[in-house]
Amino acid sequence: MANQKFKAIVIGGGPVGMYLAHALQQTGIDYVLYEKRDTIPPPTAFGIFLWPHGLRLLHQIGLIDQTEAISSLLTKISHVGPTGDVVREYSDFSLLELGHGYPVRMFDRASLAQMLYDNLRDPTTHIRTGKQLVDIQRRAGGVTAHFADGTREDGSIVIGADGIWSTARELMRRDSPEGLFDANPYLAGYRAVFGRAPLPTPRQDASSPVLEPEVQFEFHRDGALLQLFTSKREVHFIIYMRKKTEPRSEQENKAGKGGGFDPNIDDTDAAIAPWLDTRLVEGLTFGDLWQTRAAAGGADLDEGSVGLWSWGRTVLVGDAAHKVLPNQGMGANGGFESAAALVNQLTALLRHEPHPHAAELRQAFAAYQAERQGPMAAFQRMARDELDGWTRDGGPPLDALRAAVALIGPMVARAARLDAVPFPDERMGFAPWVYKVPAEAARAAGGGPKL
Ligand SMILES: Cc1cc2nc3c(=O)[nH]c(=O)nc-3n(C[C@H](O)[C@H](O)[C@H](O)COP(=O)(O)OP(=O)(O)OC[C@H]3O[C@@H](n4cnc5c(N)ncnc54)[C@H](O)[C@@H]3O)c2cc1C
């Protein structure tokens with residue numbers, strides 16, 4: 001094994017796993033990605049929006065034109081009070097583009113996944129679908145991943161990009177001293193019902209669509225929030241409901257351990273009932289939208305961070321390591337960044353040592369966690385504070401929340417990118433990117449450190 005080429009086995013073909021595949025490919029690290037679903041594009045109910053730093057990472061891997069072709073802009077936020085009147089409107093999304101050179105864009109998940117798949121080199125060799133990870137065995141100088149269909153793959157490391165109920169994480173827990181990893185690292189203080197519907201067409205007597213496209217709408221209630229995101233073709237909606245009971249993980253709820261179960265919101269019909277008559281704009285209620293939904297689903301909104309992101313030759317990335325509430329749309333964005341940071345550590349290590357030992361990998365994994373844990377904890381806290389505020393009894397403190405969200409700009413400006421991938425046409429706004437590419441990696445990439 002010592003002379004075999006370094007190979008990463010990636011588990012999970014969600015947005016983070018697929019971005020990671022590109023990052024590995026572009027930095028010349030061999031990989032194979034295993035996904036348990038039969039296809040990479042997921043049959044999903046809700047869209048996903050990417051912030052400037054997420055779009056910048058897609059630009060760096062050469063996908064900005066395709067990205068713009070499959071997504072819609074978000075330009076403003078509109079807050080609507082309990083009486084149906086717009087209480088505040090901001091064009092903060094447009095400011096983000098001025099600040100960072102990239103806007104905020106809304107995707108449907110299937111198109112994003114398809115774009116990432118189609119633009120990989122030789123995807124049929126590197127991406128294996130219908131393969132569920134069930135075990136990881138260590139062997140001299142490497143690991144063997146085992147799948148439910150009896151097949152297996154030898155590699156140097158396993159990267160668990162397998163989401164909130166990560167099997168890779170569970171196997172790390174099995175193989176580590178008892179108590180080092182939590183069985184349920186995430187808790188859910190909120191539950192959500194989400195879905196999407198076609199953007200309502202203009203009425204006969206009106207020249208503009210009934211619901212303005214490219215807007216994020218927030219409808220506030222005590223203990224609940226309805227969020228709408230409109231693209232030029234679709235409306236994505238999500239209803240957040242604060243649980244009245246002590247937060248529990250969804251796994252615990254499913255196991256019937258109680259505590260988090262609230263029959264009034266765990267049932268979808270009961271959850272949407274209070275919103276059906278909500279007037280979205282003149283002549284359109286949420287009930288009208290719900291009638292035309294193309295897809296819908298519900299979930300507990302787990303949040304938290306895993307204490308240790310690696311063990312042995314397995315390392316976690318994306319929702320498997322850190323989970324934020326979706327109201328600020330930082331989950332996949334943060335996952336992309338973590339994937340870039342992990343690949344940066346691996347590229348730096350492999351440049352010196354093409355066949356790293358476990359101890360060297362441990363150091364690289366620890367450095368990756370040290371870089372990413374703080375920012376993800378901050379994003380988690382900001383999303384939580386914002387959702388608590390938006391659902392506050394008596395109405396949201398909008399000025400305070402807007403002031404708090406301004407903190408995100410400097411964090412976006414510090415976002416990671418791939419050290420070893422040249423990026424001559426990186427866009428910039430009035431708040432320049434401050435991430436510094438280590439000098440050695442910059443030399444290898446043919447560029448200088450960025451200020
Ligand atoms: C309603 C909602 C709205 C959201 N909106 C946004 C948004 O606008 N912007 C944003 O950035 N984030 C958003 N998020 C968060 C975002 O969806 C997640 O952060 C993101 O999907 C995490 O990506 P991931 O690849 O780490 O995990 P996942 O998307 O969960 O993907 C994990 C993959 O691993 C596969 N897998 C699992 N177990 C195995 C196994 N044993 N073997 C093989 N494969 C396996 C799964 O099938 C899946 O494809 C939202 C979340 C929700 C719930």
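Me: Leaving aside neighbours within four places in sequence, which residues is Ile 159 in contact with?
Reply: This is a predicted model. Neighbours within four places in sequence are set aside here. The contacts of Ile 159 are then Ala 8, Val 10, Ile 11, Leu 20, Val 315 and Val 317.

Me: How many residues does the largest nonpolar core have?
Reply: Ile 159 is among the residues with the most contacts inside this core, along with Leu 20, Val 317 and Ala 339. Helix 13, residues 358-390, gives the most to the core, with ten residues. The core's total is 112 residues.

Me: Where does this core lie relative to the domains?
Reply: Domain 1 covers 7-68 + 108-184 + 305-444, and domain 2 covers 187-303. Both give residues to the core, so it lies between domain 1 and domain 2.

Me: Which element gives the most to the shell around the ligand?
Reply: The shell has 33 residues, and the closest are Gly 12, Gly 14, Gly 163, Gly 318 and Gly 331. Elements giving two or more residues include helix 1 (15-26), strand 13 (187-198) and helix 12 (331-352). The top contributor, with four residues, is helix 12.

Me: How many residues of the shell are charged?
Reply: The shell holds 16 nonpolar residues and twelve polar ones. The charged residues number five.

Definitions and conventions: Residues are numbered from 1 along each chain as its sequence is written. This is a predicted model: local features need pLDDT of at least 70, side-chain atom pairs count only at pLDDT 80 or more; totals for chains, interfaces and linings use all residues. A residue is near a molecule or strand if its C-beta atom, placed from the backbone, lies within 6 Å of it. Ala, Val, Leu, Ile, Met, Phe, Trp, Tyr, Cys and Pro count as nonpolar, Asp, Glu, Lys and Arg as charged, and the others, Gly among them, as polar. A nonpolar core is a set of buried Ala, Val, Leu, Ile, Met, Phe, Trp, Tyr and Cys residues joined through C-beta atoms within 7 Å. A residue is buried if 20 or more other C-beta atoms lie within 10 Å of its own, exposed if 12 or fewer, and partly exposed in between; C-beta atoms are placed from the backbone. Domain bounds come from an automatic or database domain assignment. Two residues are in contact if their C-beta atoms, placed from the backbone, lie within 7 Å.
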